[in-house]
Amino acid sequence: MKIAVLVKQVPGAESPLPIHSNQKWVDEDAVAYVMNESDNYALEEALQIKEANSEGEVVVISLGPDRIQKVIREALAKGADRAIHIQIDTVGAIDPLATASHFADALKEENFDLIFSGLQSDDFGMAQTGVIIGEMLGMATASLVMAIETGGGKIKVKRELEAGWFQWVSLSLPASLTIQSGLNTPRYPSLKGIMGAKKKEIKVVTPNPVEANQSLEKIYVPHSDKQTVMIEGSVDQMVEKLIHTFRNDIKVL
Amino acid sequence: MEAHFTGIEKIVLALGISITLGSFAYEVWRRLRIVFKGHQYLPVDRFGTRIWRVIREVFLHEKVIKGRFWPGLMHALVFWGFVVFGLVTLDHFAIGFGRPLMSHSVHKLYSYIVIPFSILVLVGILALAYRRFVSRPKALGKISPTSGLVALFIAILMITYLLGETGLSPMAWRINWWIHSLVILVFMFLVPRSKHLHLVLAPLNIFFRPFQQPDHTTVNIDLEGSEDELDSMLADLTRLTKNQVLDVFSCVECGRCIDVCPANRGGGILDPKNHFILDLRQPLLDSGDVDVLGGINVEAGWECTTCQACTEVCPVGNHVEKSDEIRRLEVLVEGKVPQEYQKLFMNLQESGNTEGHTDSPLADRLPTYTPDKEYVLWLGCFARYELDPNFTKSVENFTKILEVANVSYGVLENEHCSGDPANRLGDKLTYTMLREHNMKQLAQARKVVTLCPHCALNLEKEYGKYTEINYSVMHHTQVIEQLMNEGRIEVEKGTDGKVTFHDPCNLSRMLDEVDAPRTAIRASAEEFFELEELGRNTLCCGAGGGLWWKKETQGRTHLVRAEQVVASQADTLITGCNFCFGMMNQGLKPLTPEGRSEIQVKDVADLVAENLVETTTA
Ligand code: SF4
Ligand code: SF4
């Protein structure tokens with residue numbers, strides 16, 4: 001089985017996120033990047049499927065500037081066979097439709113049986129890219145995947161619904177799945193994997209420009225205010241004013 | 001006693017002795033051959049110290065008695081008896097060939113020494129047999145039939161010896177002589193096939209034991225090297241060293257290592273005697289080779305706090321702990337790492353510290369090191385990133401002491417984690433990165449002082465295994481002691497209440513420092529008392545070996561020591577390690593019985609700073 005895994009490099013949970021002086025984006029130089037959490041699970045799932053069938057290929061694909069080669073290397077070290085790097089400046093790129101079409105362009109020639117992506121990215125959290133790619137490439141699509149069973153040219157996936165409910169769905173191949181964190185136990189790159197990764201191919205492609213329909217206007221840290229209001233009068237008046245303030249000014253009632 | 005043995009008897013005797021000695025030699029040789037397949041050399045440096053160690057630990061039975069007083073003493077009686085009996089036994093067989101070694105009068109004279117000893121041996125062996133077969137402490141494990149047989153043999157040997165000295169009729173004497181001989185021969189046959197081989201190997205093992213504790217081989221990773229080099233390096237990771245193979249064959253299965261193991265005592269599965277030693281014995285014998293480390297129980301390996309209590313207590317000189325060996329295989333070869341540690345390793349790689357942080361308010365408040373200053377004050381991640389916010393106060397108390405004594409110091413701007421967690425958890429690649437980074441930062445340093453014994457151990461002894469170190473490292477309690485001795489600070493007894501001290505494993509066992517903190521505490525506290533397990537025999541707080549970052553598990557390794565402290569009725573607990581400080585702070589509160597005021601946890605620096613007389617120097 002030929003499996004593509006989309007990985008994204010995102011700011012780590014503990015990373016500082018200083019806002020760039022142009023207020024269009026964060027200052028990327030100060031950010032500590034890591035592999036998106038659910039992508040790590042998606043990668044592990046792909047590697048396990050390949051190992052269980054003892055044949056097939058796992059290709060990682062990532063979009064962004066040069067710095068993302070770090071997570072690509074990490075994925076190769078863990079066992080992916082080769083990689084595609086869609087080289088593009090992603091500052092402020094927040095249009096999932098544009099992102100998905102870059103991926104779809106790079107993936108369509110390769111005829112993958114499965115395309116895995118993490119459920120959502122830990123930075124924007126739009127949870128759309130994998131689903132849109134499925135649509136663009138005419139693939140069966142399932143989101144929030146918790147378990148995968150392969151066999152007989154079809155797959156069965158367990159999806160997470162609300163309130164502790166689950167759903168098993170059968171899909172024909174090819175299919176695009178967005179993977180939920182926690183469905184497996186991701187591995188750590190072994191020393192042999194790290195050394196071997198250096199020899200693996202990373203194909204760098206430059207995408208055709210796509211018109212973005214969404215862009216960032218301005219980012220800023222929300223500022224909080226402290227205000228003290230003295231309420232005076234008789235008890236009844238005070239209660240009335242207090243309720244008025246709660247209801248109309250602070251809007252908590 | 002002038003017995004005349006027939007020719008047939010002499011032939012039978014000669015045959016018996018040859019077969020026994022032959023089989024004895026074969027079994028020992030078979031094991032030693034495997035020992036020599038191990039990598040590295042058996043160390044012989046500091047020869048005199050090694051001999052002295054053999055005298056103390058073998059002939060004087062120091063550790064055997066110290067660890068378990070009564071059984072240890074009984075064992076010593078048996079051992080001393082054996083030594084005395086050496087000559088008697090040689091003479092015994094010589095008599096069989098009609099050529100006694102001792103004249104009648106010498107024999108008689110020597111028997112005045114041997115007879116009391118044989119009675120002591122009898123007492124010893126009966127007491128040990130009672131313990132093993134009647135009271136049966138858990139650490140001894142399953143009943144071993146060979147042990148029963150050996151006890152019986154030793155008893156028979158003593159009885160037949162005593163009978164032989166009582167003036168039996170010639171016929172009875174002769175039968176008695178033969179019983180004694182046969183028992184010796186069968187005993188000799190059994191020894192190399194059982195744990196009783198320790199009779200031969202323990203003295204050797206104690207002689208060759210490495211001085212450093214823990215003593216794990218280095219892992220030299222060359223990311224630019226060839227694939228073949230990498231493969232051979234990785235293959236080496238499954239191989240035991242000569243010392244380690246000797247350990248496996250020397251083990252006497254006493255279970256003292258289990259008794260002291262904090263992971264085991266806290267309800268974990270880790271059983272150092274079996275997981276780190278005996279599980280390797282059969283694979284070694286079966287394969288005749290030493291690549292057996294992959295067989296260590298992985299789950300047990302992750303439970304170890306690397307505290308070295310097992311190694312410290314082992315009476316036959318084993319370096320018991322092998323978590324480093326199994327973890328490095330899991331991390332470097334298998335890539336199987338618990339998720340919490342993967343996160344830790346990622347943090348270390350990305351940010352150079354355990355927490356993935358970028359700023360340290362504490363480091364910002366302290367002066368920066370420049371080469372004109374005396375000490376580099378090494379903070380360590382625990383203090384730098386406030387793993388226990390109360391500990392920053394301890395660091396500041398220490399800097400206050402330095403300032404009062406007019407000692408110049410500064411922190412490194414670019415200090416990264418010393419690498420202790422990566423090193424102990426088996427990620428030798430991340431450890432290499434951190435070590436190389438820190439060596440550059442320390443290029444100009446001459447003296448380093450730190451409050452973290454884990455950092456102290458790594459910066460000096462562990463880094464020293466890889467590169468030459470041009471600076472010296474002191475633990476802050478050692479600097480405090482020095483300043484007190486030099487009269488540069490003055491401390492008065494101002495702290496009331498019952499004060500006790502918890503020896504950190506890394507300070508006591510690994511850095512061999514148990515006095516400096518006590519000097520400081522005695523000078524500051526009115527009422528100092530010791531905990532039951534102290535000094536080099538301290539009980540780990542549960543955080544060592546990277547376990548501070550372990551997810552909560554069912555085991556309660558971290559509570560065993562805290563419970564002891566609560567039971568001790570102390571008002572104040574002093575520690576000399578940031579991890580112990582944090583563990584005790586977390587552990588003591590929920591354990592303190594209602595109505596009793598909470599036990600204060602303090603670092604040695606806190607206690608000294610509180611009681612500093614601030615008029616001396618400055
Ligand atoms: S390793 Fe040492 S302490 Fe442990 S059982 Fe063997 S001899 Fe006893
Ligand atoms: S080092 Fe400590 S935790 Fe590990 S096996 Fe030995 S006694 Fe147990």
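**A guided tour of the predicted model**

Begin by selecting Arg239(B) and Asp289(B), whose side chains form a salt bridge at 3.5 Å, N to O. Arg239(B) belongs to the loop between H9 and helix H10 (242–250) of chain B, and Asp289(B) to the loop between helix H14 (281–287) and helix H15 (298–303), so the pair ties together parts that are 50 residues apart in sequence. Arg239(B) is partly exposed, at 22% relative accessible area, and Asp289(B) is partly exposed at 22%. Please note that the model is a predicted one.

Next, select helix H1 (residues 7–37) of chain B, which holds both Glu27(B) and Arg30(B), three residues apart, or about one turn of the helix. Their side chains meet in a salt bridge of 3.2 Å, N to O. Glu27(B) is buried, with 7% relative accessibility, whereas Arg30(B) is partly exposed at 27%.

Proceed to Glu486(B) and Arg488(B), where a salt bridge of 3.4 Å (N to O) joins the side chains. In chain A, salt bridges with shared partners link Lys2(A), Glu57(A), Arg82(A) and Glu110(A) into one network. Over all chains, the structure holds 39 salt bridges.

In chain A, a nonpolar patch of about 780 Å² includes Val235(A), Met238(A), Leu242(A) and Phe246(A). Met238(A) is located in helix H6 (residues 235–250). In chain B, Asp222(B), Glu224(B), Asp228(B) and Glu229(B) form a negative surface patch.

Finally, select helix H27 (residues 515–524) of chain B: seven of its 10 residues are buried, so the helix is largely enclosed by the rest of the structure. Among these buried residues are Pro517(B), Arg518(B) and Ile521(B).

Methods
Residues numbered from 1 in each chain as written. Chains lettered and ligands numbered in written order. Predicted model: local features only at pLDDT ≥ 70, side-chain atom pairs only at ≥ 80, totals over all residues. Heavy atoms only, no water. Patch = residues over 30% accessible without salt bridge, like charges linked within 9 Å, V, L, I, M, F, W, Y side chains within 5 Å. Areas by Shrake-Rupley, 256 points an atom, 1.4 Å probe, with all protein chains shown as cover. Salt bridge = Lys/Arg side-chain N within 4 Å of Asp/Glu carboxyl O. Lys, Arg positive; Asp, Glu negative; His and termini not counted. Charge placed at Lys NZ, Arg CZ, Asp CG, Glu CD. Helix = DSSP H or I, 4+ residues; strand = E, 2+ residues; numbered from the N terminus. Buried < 20%, exposed > 50% of the residue type's maximum accessible area, 1.4 Å probe, protein only.
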